[in-house]
Amino acid sequence: MAIHIVWDPHQSYLQDKLESIQRRSACFIGSEFSREPGSVTVILKDPDLPTLAERRKQNRLILFSKGFFGKANIPMDRLRHPTRTTRGMHNLHFCQLYSRSNCYKFSFFPKTLKDWNNLPADLIDGLDGHLDPVHYLTNFIRA
């Protein structure tokens, strides 16, 4: 299955528009067309139906891990590891990319690096023993 990360807006009104599409789709999936309050909310609380924002975050992390392990052709050469580490950092921690503009600040790399650096250290440290670390990370991220 290919992962496509096309559009991941940071503005709340655009995220709300995307989530409204999910709400309408949930009505269609669940064959729930009543106008009663809360009918769509019950369908959306299904554990197998994450929010679109969560799915975009998962897909960004999976694509980043594929790039890191050489299974996707994304430019990883400009990313740097910190020169000093703290107890809160895992061994694959990267320096955060900074920008003065929101256009770059909320783009793929800066946004994904923040999420990547927040992954649990025991998960990242445990990648060494796996034959397919991307598959292992994908299963963890989607769980």
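F69 counts as partly exposed, at 28% relative accessibility (buried is under 20% relative accessible area, exposed over 50%, partly exposed in between; 1.4 Å probe, protein chains only). The model is predicted: local features need pLDDT of at least 70 and side-chain atom pairs count only at pLDDT 80 or more, while totals for chains, interfaces and linings use all residues. Residues are numbered from 1 along each chain as its sequence is written, and side-chain values use heavy atoms, with hydrogens and water left out.

**Aromatic contacts**
- Seven aromatic pairs are found in a search of the whole structure (ring centres of Phe, Tyr and Trp, the last by its six-membered ring, within 6.5 Å; planes under 30 degrees apart are stacked, over 60 edge-to-face, the rest tilted).
- One of these pairs joins F68 and F69 in an edge-to-face arrangement, with 4.9 Å centre to centre and 90° between the planes.
- F68, like F69, is partly exposed; the relative accessible area of F68 is 27%.
- One aromatic cluster is formed by F64, F68, F69, F94, F108, F109 and W116.

**Fold**
- The protein chain contains seven helices and zero strands (DSSP runs numbered from the N terminus: H or I of at least four residues for helices, E of at least two for strands).
- Read from the N terminus, the order of elements is α-α-α-α-α-α-α.

**Packing and surface**
- Among the 143 residues of the protein chain, 33% count as buried.
- Of the contacts (heavy atoms within 4.5 Å) in the protein chain with a separation of 6 or more, 55% come from residues 24 or more positions apart.
- The protein chain exposes about 10100 Å², of which carbon and sulfur atoms supply 54% (Shrake-Rupley method, 1.4 Å probe).
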